[in-house]
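These are my notebook entries on one model. I set out to look up a helix first and then the aromatic rings.

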Amino acid sequence: MISLLKGWRPRHVRWGVLWDWIFFPLVIGWFAFEPNFVHGSVEYAEASQYLGPIHRLFHGQVLYRDCYTVRGPLFLYPLAAVMGIFGKTLAVLRGYFQTAEVLRVLAGVAVSGLLYKTRLFRILTGLLLVVETHHPYWNSRGGGFRLGYPLLIIGCLLPFARDKKYANQFLLAGGVLTGVGLFDSLEAGVLPAATTGFFLTSLWLVRRIPLGRLARALGTYLAGVALAAVPFMAWLAAQGALPSFLRIFFIDVPFRQIPVWTQRGMYPTLSAAMLQATNGIAFIASGPFKVWCVPVLLYGAWGAVLLGQLSRRRLADDAAVPLILMIYGSLLALGSLRAVGNGQYYMQALPVVILLAGWTMERCFLRVREALPAPGGPAPRRRIVPVIAGILLLSMGWYFAVSEKQYFRSFGLWGQYQRYKDVVIPGKLGVHVLNPKEWATLECPRGGGVLAPRVQQAEIDSVVRFLQGHTAPDEPVFTFPEHGIFNFLADRPGVSRFDLTGYAWADPRWRTELLEQLKRQRPRFAVTGARLSILASSIGRREEVLPEVVSYLAQHYRVVGTFSGVVLLKRHEEF
């Protein structure tokens, strides 16, 4: 060992590589890490769609065969494994999502490291990714790494776009990631696969690659997909869950659930932003402009350039990279417009916008730098292209510097948050100070020591204490419409296969099935909401989803406990 170290000198270390791939990612990872991620309000609907299926797994049931969930097996089974190791608690759930969020941001940083030639734009893009797309509240309550797979797949396509010798190996890795992502969530697998197919076919159409290489590239990619997908499909088939999984993922989710749960009124419209803005600059810097106009302008401009090249059956040497980002970004933007005011846009579509905008700015920067005169050399001739590039560079830089940020509003407020984030708890729209008078620890064992608002803490602990004291361990409890989290916290089974019972709203047959199961099992106790659910309000309803269930509960159950947001019900016959 000593002999190996004799010749070591600091000059042998490539400090730039260490900065790009170790030190800078650590900095960005810290920016995305929330010291108090465990604490904060409990979102019943969000937590129920994860903890409900997890609760069933711990009781020996099989996903998709015994329960209905729109989350993939590689979304839920790793989560169940983590909870099996570290504890079946709400705190572990949040820790899992917090870790996945940091890895998602780092995936974007890794892609920027492969994408850009200059360290300046790698740094700027990394900062934009965490400032623009990271939400301290929601990113510890949902998401997971399903949002990171597509970014890594983009990175695997870059060597092929640049004709690197190791392009096929990266293409195979991209196929494996696509297969893995497909079993995490639909958008993590289908959209990258479509992007890869469109990209490779476009290269063939412009004669960038021959037909034989196109066939080999597609074969390599599909082989990677098969390496990951076939074992999982065989495993699901062995459990009798494969038909249900395929039906849910490829029929129910795109054609039943998504059309029904298209969220309305989640973000201000352009007209509302124009009325609220004091001037044109304020309107351009507003959030709605970033949501609706920036993708259209960016993808539209690049689309016009690339379509012009494709129509002439030629593609510039450096045009293959923006082609990848434009194809995938356009698919994501179209898919996320159903919920542009939440993570559906900011966590999925906006990172690709930032990567393409950063690539465009770097091209402009390099063009301007090339046009500058060399020291002692002759002055360059006046050229319009560097001037336009400089104007575009300054305009885009100004926009991302002053435009409204999703959570932090501005870079200045983001800096203040980073300074004080260890003493505050993130909220939906702001932060809360750790005040013992306003926060209390959940006492139920599966709470995991989470600090929640005192009103909600009393609500959760009272409901869990009541259910555990008045029901047997294997006695079903009906939770409606988004309160399946109480089945997990109280360790009591549900009545139907819908842990988030609101999912049954998407199909009349499921509504009938849910009501029939409720009538047949006749559970003694039910837990429901005291006000309109998030599920109903998110789609613009003024009355609760599944009104037939609401009517049945009103006829056959009586209130035995009322809290701020939860109502405990008991059947008349048992009252």
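I note that the model is a predicted one. Helix α5 covers residues 90-115. I read its reach from first C-alpha to last as 38 Å, close to the 38 Å expected at 1.5 Å a residue.

How many aromatic pairs does the count come to? I recorded 32 aromatic pairs. I then looked up tyrosine 68 and phenylalanine 498, which form a tilted pair with 5.2 Å centre to centre and 40° between the planes. Tyrosine 68 lies in the loop between α3 and α4, and phenylalanine 498 in the loop between α21 and α22, so this pair ties together parts that are 430 residues apart in sequence. Are tyrosine 68 and phenylalanine 498 buried or exposed? I found both tyrosine 68 and phenylalanine 498 to be buried.

Tyrosine 407 and tyrosine 417 pair edge-to-face, at 6.4 Å centre to centre and with 75° between the planes. Tyrosine 407 is in the loop between α18 and α19, while tyrosine 417 is in helix α19, so the parts tied together are ten residues apart in sequence. Tyrosine 407 has 9% relative accessibility and therefore counts as buried, the cut-off being under 20%. Tyrosine 417 is also buried, at 7%.

The charged end of lysine 88 sits over the ring of phenylalanine 58, 4.5 Å from the centre. Arginine 446 lies over the face of phenylalanine 488, 4.7 Å from the ring centre.

Notes: Residues are numbered from 1 along each chain as its sequence is written. This is a predicted model: local features need pLDDT of at least 70, side-chain atom pairs count only at pLDDT 80 or more; totals for chains, interfaces and linings use all residues. Side-chain values use heavy atoms; hydrogens and water are left out. Helices (H or I, at least four residues) and strands (E, at least two) are DSSP runs, numbered from the N terminus. The expected span of a helix is 1.5 Å times one less than its number of residues. Rings of Phe, Tyr and Trp (its six-membered ring) pair if their centres lie within 6.5 Å; planes under 30 degrees apart count as stacked, over 60 as edge-to-face and the rest as tilted. Buried means under 20% relative accessible area, exposed over 50%, partly exposed in between (1.4 Å probe, protein chains only). A charge sits over a ring if NZ of Lys or CZ of Arg is within 6 Å of the ring centre and within 35 degrees of the ring normal.
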